[in-house]
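Student: Hi! Can you walk me through this one? I'd like to begin with the ligand.

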Amino acid sequence: MSGSKILSLGHYQPSRVVTNDEIAQLVETNDEWIRDRVGIVTRRIAGDETVADMAAAAADKALANSGLTAADIDLVVVATCTSVDRSPNVACRVAAKLGIAAPAAFDVNTACSGFAYALSTVDHAIRAGAARNAIVIGAEKLSEFTDWTDRSTCIIFGDGAGAAVVTATAEDEAPGIGPVVWGSVPERGDAVRIEGWRPYVAQEGQAVFRWATTALAPLASQACERAGVDPSELAAFVPHQANSRIIDGIAKRLNIPQAIIAKDIVESGNTSAASIPLALSKLVERREVPSGAPVLLFGFGGGLTYAGQVVRCP
Ligand code: UT7
């Protein structure tokens, strides 16, 4: 077995759209500051939906787009840092909702880099022969972990989910998921925190901003190098949607003027582990990236963790 590939994508967002003006009624901020400093215009905020509800809705769409059925799936992995329940994990809840019988099912928590970690873990499982068809999901309900009186965080976050169906490639087919570059800076782990029981997200925004705009571009380049793809060949760059200025800073250092740069942050805010599959699913739905074209994914955040890989667009 040579590797694995993304077969299809799907996403789910709650229906409630929250504007910057609405946030400005809660804390001292304004639309112009949020647009200029972060790049967010709106975000979606969940109502009764749980993380598992959103994860299952995204997975259901990805499965419908794949041509496979629930009976074909033998692995479910969910990246999330906002699951309230310790057990059952979100992956088991998704499997139950979708009628997937007896899959291996587990959650991954590396905060905002979670989807890229989960995707590579799934790729490795398929390469090792431990699974054949998997669903990998990024899902977050950050609104439950947001202090709506703290303007340094409440302007940023949103809720949602994105999912990918990943399958084994044929022996004569090139791998569709490239080698991962992953790691962390544990001694700076306190820069983004969700500590204690049902607490709020707290972060040293400027410190994370500086780290993201200085340390990550060389690591993203490494992911291209390991995949044998020159950055000039990338059709799209889909990084974690943390801040428009961070995205532009990394893209500039990668020198990829030909690539589409995902900017789902504008309409969805920062959805942590959900942001990459959400943005990628929308690009594919709008047919902005040709099938088979190389796309660089790069997640980063709490931990401080990071992970990225080049994938072939489904
Ligand atoms: O996704 C997980 C990983 N997290 C990240 O990647 C986040 C990275 N960091 C960031 O995106 C940015 O640091 C933030 C968006 C969190 C903050 O933006 P910033 O440009 O770093 O703002 P700042 O904290 O340096 O504040 C600049 C000014 C300050 O005023 P003075 O002292 O210059 O007068 C703040 O008090 O902006 C003020 N400010 C605000 N003004 C209006 C801070 N927050 C707000 C606000 N509205 N919401």
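Student: What sits 2.6 Å from a nitrogen atom of the ligand?

Tutor: That is an N or O atom in the side chain of Thr29; a polar contact here means a pair of N or O atoms within 3.5 Å. This is a predicted model, where local features need pLDDT of at least 70, side-chain atom pairs count only at pLDDT 80 or more, and totals for chains, interfaces and linings use all residues. Residues are numbered from 1 along each chain as its sequence is written, and side-chain values use heavy atoms, leaving out hydrogens and water.

Student: And which side chains have a polar atom by an oxygen atom of the ligand?

Tutor: Gln206 places a polar side-chain atom 2.4 Å from a ligand oxygen, and for Asn270 an N or O atom of the side chain is 2.8 Å from a ligand oxygen.

Student: How much of the ligand does the protein bury?

Tutor: The protein buries 72% of the 940 Å² that the ligand exposes taken alone (Shrake-Rupley method, 1.4 Å probe).

Student: How many residues surround it?

Tutor: 21 residues do, each with a heavy atom within 4 Å. The largest share, four residues, comes from α7, a helix (a DSSP run of H or I, at least four residues; strands are E, at least two).

Student: New topic: how do β4 and β5 run?

Tutor: They run parallel, with five bridges joining β4 (residues 75-79) to β5 (residues 104-108); pairing takes at least two DSSP bridges. Leu75 has Ala104 as its bridge partner in β5.

Conventions
Polar contact = N/O pair within 3.5 Å; in protein donor to acceptor, adjacent residues only side chain to side chain.
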